[in-house]
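Me: Please take a close look at the surroundings of the ligand in this model, and say which parts of the chain line them.

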Amino acid sequence: MPTAWIILLKKNDMKIGITGGIGSGKSYVCSQLKLMGIDVYDCDEAAKRLLRTSYSLKKQMCSLIGNETYDENGILNKKVVADFLLASEENAGKIDAIVHPVVAQDYKASGCQWMECAIIFESGFNMLVDKVVCVVAPEELRVSRVMKRDGISREQVLQWMSKQFPQDSVLKMSDYEIINDGTVGIDTQLKKILLKIKNNQ
Ligand SMILES: CC(C)(COP(=O)(O)OP(=O)(O)OC[C@H]1O[C@@H](n2cnc3c(N)ncnc32)[C@H](O)[C@@H]1O)[C@@H](O)C(=O)NCCC(=O)NCCS
Ligand SMILES: Nc1ncnc2c1ncn2[C@@H]1O[C@H](COP(=O)(O)OP(=O)(O)OP(=O)(O)O)[C@@H](O)[C@H]1O
């Protein structure tokens, strides 16, 4: 990717979201963008940072889930939050209602052009961007990637998947597709998409 392209792309004030279900390879794609000099705001990372640093969020999470949401050192107990979130749609909705507005605000304040979000349509964060790139991969590959990456069971990965829109629906709502099944290089696919975005196509 010639540097001039990146400079032109950064001058373009279009905002772009990268989405895709758990294990599709969003972070992997974003690491390729980083190599091209493009920074991406990571919603998962931001949610956890804000849950660690925002007094108001901490208070709301403790009222919702209990004081065990944080350990005695004030560290977020991810298992407690994940178990609560995965237990029911109602629970997930309550966490989303607390966390998502704060992440949306933080993204706006970041001034970042690019955003990575697994649940961009579920959360309504698609409204914060102009175009959405969807990263897809076969479900079995996604499951095995996450089992290996996080050391969790197939059932746990499938549980997370069940909380997210199906890949086909997300793809239909998106503007561009990256197929991350190892057949066509990510770099080649990204370059084509970047060119289209630069040319407003
Ligand atoms: C439950 C938590 C602590 C688990 O953290 P952990 O580091 O183990 O997992 P990670 O954040 O990498 O998420 C794993 C997968 O689940 C997805 N996921 C996370 N939260 C949600 C959710 N509310 N709904 C659907 N999928 C979700 C992630 O996007 C990712 O694909 C964390 O995901 C969390 O705080 N989630 C609630 C906040 C949230 O909605 N974050 C999403 C972006 S704003
Ligand atoms: N093309 C690829 N080549 C090699 N490894 C890959 C590739 N794509 C993804 N992976 C690996 O698969 C795992 C899952 O990918 P990644 O973390 O990027 O998924 P994700 O979509 O960001 O998942 P999550 O929604 O959980 O954040 C990671 O360990 C990653 O390094």
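Reply: What follows describes the shell around ligand 1. This is a predicted model, in which local features need pLDDT of at least 70 and side-chain atom pairs count only at pLDDT 80 or more, while totals for chains, interfaces and linings use all residues. Residues are numbered from 1 along each chain as its sequence is written, and chains are lettered from A and ligands numbered from 1 in the order in which they are written.

Ligand 1 is surrounded by 22 residues, the closest being Ile22, Ala47, Lys78, Ala118 and Lys163; a residue counts as near if its C-beta atom, placed from the backbone, lies within 6 Å of the molecule. Helix H3 (43–53), helix H5 (78–87) and helix H6 (89–110) are the elements that contribute two or more residues to this shell, helices being DSSP runs (H or I) of at least four residues, numbered from the N terminus. H6 provides the largest share, six residues.

By class, the shell around ligand 1 comprises 15 nonpolar, two polar and five charged residues, where Ala, Val, Leu, Ile, Met, Phe, Trp, Tyr, Cys and Pro count as nonpolar, Asp, Glu, Lys and Arg as charged, and the others, Gly among them, as polar. Ligand 1 lies between domain 1 (1–39 + 112–201) and domain 2 (43–111), because both give residues to the shell around it; the domain bounds come from an automatic or database domain assignment.
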